[in-house]
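Dear colleague,

I am passing on the structure we talked about, and below it I have written out what I found. Please keep it open beside you as you read.

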Amino acid sequence: MSQVIRVLVNGQAGSVNSESDRSQLLQQLATALPDAIVRWTDANVTMDQLIQQAMKESPTMVVAGGGDGTINAVASAIVGTDTVLGVL
């Protein structure tokens with residue numbers, strides 16, 4: 001069975017707000033989770049939208065990148081499912 005891994009990152013989080021920070025994170029994720037698809041929030045895309053999209057894809061794992069609010073939102077969405085929560 002193939003894994004469906006989604007990494008949802010708050011693009012406004014201080015640790016990933018520069019292009020070099022994002023590039024470094026993407027490189028590390030490519031090594032650790034090569035099958036993962038990474039999605040970022042921005043001015044037009046909210047975390048709730050990313051979560052809804054990810055859950056429609058029946059993920060094996062959803063990794064949350066951001067602060068407490070991001071982690072809480074992702075964790076709340078996967079409660080009662082077989083989806084594994086990862087935290088950056």
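Threonine 41 counts as buried, because its relative accessibility is 5% and the cut-off for buried is under 20%. Please bear in mind that this is a predicted model. Threonine 41 sits in the loop that runs between strand 2 (37-40) and helix 2 (47-56), and a polar atom of its side chain lies 2.7 Å from the backbone nitrogen of glycine 11. Leaving aside residues up to four places away in sequence, threonine 41 touches several others, among them Val9, Asn10, Gly11 and Gln12, as well as Met47 and Leu50.

Helix 2 itself is worth a look next. Its buried residues are Met47, Leu50, Ile51 and Ala54, and these lie on the same side of helix 2, because they cover an arc of only 100° around the axis. In general, an α-helix has 3.6 residues a turn, so residues three or four places apart point the same way. The buried residues of helix 2 pack against strand 1 (5-9), strand 2 and helix 3 (68-78), whereas Gln52 and Lys56, on the other side of helix 2, are exposed. After helix 2 comes serine 58, which has a positive phi, near 50°.

As for the whole chain, it has three helices and four strands, which run β-α-β-α-β-α-β from the N terminus on. The radius of gyration is 12 Å, which agrees with the value near 12 Å that a compact globule of 88 residues would have, and 33% of the 88 residues count as buried.

Best wishes

Methods. Residues numbered from 1 in each chain as written. Predicted model: local features only at pLDDT ≥ 70, side-chain atom pairs only at ≥ 80, totals over all residues. Heavy atoms only, no water. Helix = DSSP H or I, 4+ residues; strand = E, 2+ residues; numbered from the N terminus. Buried < 20%, exposed > 50% of the residue type's maximum accessible area, 1.4 Å probe, protein only. Polar contact = N/O pair within 3.5 Å; in protein donor to acceptor, adjacent residues only side chain to side chain. Contact = heavy atoms within 4.5 Å. Arc of directions from axis to C-beta. Rg over C-alpha atoms; globule rule 2.2 N^0.38 Å.
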